[in-house]
Amino acid sequence: MSAHRPVLKVSGLTRLFGPGCDACLSSTGPEQETNRCVHCGTTVACADVSFDIGEGEVLGIVGESGSGKSTVAGCLAFDVPASAGEARLCTLPGANMFELDAAARRRLRAMEIGIVYQTPQQGLRLDVTAGGNVAERLLSADWRHVGQIRERAGNLLERTEIPRARMDEPPRIFSGGMRQRVQLAKALAHKPSLLILDEPTTGLDVSVQARILDLIQEIQREAGVATIVISHDLGVIRLLTERTLVMRLGRVVEAGLTDQILDDPQHPYTQLLVNSALT
Amino acid sequence: MIEPHLEVRALSKRFTMHMLGGASPVALDEVSFSVKRGTFLAIVGRSGSGKSSLLRCLYRRYLPTSGEIIYTAADGPVDLAAASDQEILALRRVEIGYVSQFLRATPRVLAVDVVAAPLLRQGVGIESARERAGEMLSRLGLAEPLHTALPATMSGGEQQRVNVARALCARPRLLLVDEPTSALDSETRARAIDALSELKDQGVTVVGVFHDQEAVDALADEVLELEDGAIVRHAAHDPDLPLISR
Ligand SMILES: Nc1ncnc2c1ncn2[C@@H]1O[C@H](COP(=O)(O)OP(=O)(O)O)[C@@H](O)[C@H]1O
Ligand SMILES: [Mg+2]
Ligand SMILES: [Zn+2]
């Protein structure tokens, strides 16, 4: 069997919002039917999440709103600190990402991790030009030559189907679909080793969604970067991923091959999810 | 003696349907058989007898409930029922192909690229992947202008040719096919049978669900008949026997 070389290995990732107590984990989760600790009021946004992703692999995380998907993404992008757990990136052998100091985190985030957020406000500065948004990312990854930065930004925007002629316009005047494509250009700017797409098409019109999903697939075929796709939409997961985690109330309830999860779901919650998607 | 390429031991598949009060219908009940390398095995049986479930367990689209599926891969035996998801994906990439009844096409990808995609994942260069894809599409009788059309705009039969072409082009060592010819007209069916039979000549092991006598007569070395999730017959193909015995 060919050896599977993980690009990212996450184990026991946990994030609490609140003071936390000894009973937080045992009093929350799918069996308890809540993610809020009755003893101390803490929200267990995600707990004991473990997975790995190989080179060129696309892993899906699916689950209803509030199940903890974005918290997992946020921890990996250092937007929120993890309360417990480990994440190891192959480009930083031996180190737990979550234990790095602030400077090393900023550096890792700039050099290795690209993310597209559900809302463009999170990922873009809407009043800075599209080209400027991409350039900012290149600057933080030590690109210095202005001409090269502009050339790369223009190419990336073109690749994500934003005409070069519009690179000096701010995303504020762009449509929802265009804003997501600027986010994608920015996320890909410095060739990240990990790409995170958090609900990249949620809230967009169906035809706009289809165009972005196609684009993501094309880029995936070309670049083959290890990717996490987060969505509440099984259609998106089916299209983009080969393996999937199903989350509910902060926990992973099922993990498997995407076609197996969809055709032969095991957990009661996954069965409900798949069945309600069909009807 | 030829080693078995695939050896299925006491394979069972039950579905636990939590929404139906935990009802647990049995699709396969301790099924055991083996397939020698290069054998074309036709799975037959009435609708609901477990044919597709068996095929899907072999591809791991279904998770077997118990039993073993020992597959002899290029670098040694592996139990497909217990292998990790990543091991299964690696095998699907290079060794094990699957053709469903219908193509699930992605909207903006051209037919030739749909067919070439598995080759690219195997590391074949884009030019030669496209060339091989085009040749296979032509062999299956898809007119050249359609090679660069979107499958979503094609008829069911044309889409199915793209589907079959994709699996054949990847040159798997084990090919699983679920009624690959049922959506095809008789001329195209003959072409598909032809392509499958060439694969067989190349020593590919094929396990396939078939309904039509014509395909089974042309292709099958052995026939395995299922009834209520159990094997009622596994024998060399005899064209004088009906496909379903009872
Ligand atoms: N900053 C925060 N403060 C308090 N609770 C939060 C915060 N962010 C997320 N949560 C809670 O954590 C849980 C998981 O949220 P989230 O990760 O956003 O889920 P998803 O992305 O799956 O919709 C929810 O109960 C949410 O209300
Ligand atoms: Mg979210
Ligand atoms: Zn608590």
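**Exercise 1. Which residue lies over the face of B:Tyr59, and at what distance from the ring centre?**

Before we start, note that this is a predicted model, where local features need pLDDT of at least 70, side-chain atom pairs count only at pLDDT 80 or more, and totals for chains, interfaces and linings use all residues. Residues are numbered from 1 along each chain as its sequence is written, chains are lettered from A and ligands numbered from 1 in the order in which they are written, and side-chain values use heavy atoms, leaving out hydrogens and water.

Solution. 
- Step 1. Apply the criterion: a charge sits over a ring if NZ of Lys or CZ of Arg is within 6 Å of the ring centre and within 35 degrees of the ring normal.
- Step 2. The residue is B:Arg92, 4.0 Å from the ring centre of B:Tyr59.
- Step 3. Now place the arginine: B:Arg92 is one of the buried residues of α2(B), where buried means under 20% relative accessible area, exposed over 50% and partly exposed in between (1.4 Å probe, protein chains only).
- Step 4. Helix α2 spans residues 85-94 of chain B, and seven of its ten residues are buried. Helices (H or I, at least four residues) and strands (E, at least two) are DSSP runs, numbered from the N terminus.

**Exercise 2. Describe the aromatic pairs that involve B:Phe15 and B:Phe40.**

Solution. 
- Step 1. Over all chains, the structure holds three aromatic pairs. Rings of Phe, Tyr and Trp (its six-membered ring) pair if their centres lie within 6.5 Å; planes under 30 degrees apart count as stacked, over 60 as edge-to-face and the rest as tilted.
- Step 2. B:Phe15 and B:Tyr62 have ring centres 5.2 Å apart and planes at 90 degrees, so this pair is edge-to-face.
- Step 3. B:Phe15 sits in the loop between β1 (4-14) and β2 (26-36) of chain B, and B:Tyr62 in the loop between α1 (51-59) and β4 (66-73) of chain B, so the pair ties together parts 47 residues apart in sequence.
- Step 4. Both B:Phe15 and B:Tyr62 are buried, and the charged end of B:Lys13 sits over the ring of B:Phe15, 4.8 Å from its centre.
- Step 5. B:Phe40 pairs with B:Phe210 in a tilted arrangement, with 5.9 Å between centres and 35 degrees between planes.
- Step 6. B:Phe40 belongs to strand β3 (residues 40-44) of chain B and B:Phe210 to the loop between β8 (205-209) and α8 (213-219) of chain B, so parts 170 residues apart in sequence are tied together.
- Step 7. Relative accessibility is 1% for B:Phe40, which counts as buried, and 2% for B:Phe210, also buried.

**Exercise 3. Is A:Lys191 buried or exposed?**

Solution. 
- Step 1. Locate A:Lys191 in the loop between α6 (176-188) and β6 (194-198) of chain A.
- Step 2. Its relative accessibility is 66%, so A:Lys191 counts as exposed.
- Step 3. Look at the backbone too: A:Lys191 has a positive phi of about 50 degrees although it is not a glycine. Most residues other than glycine have a negative phi.
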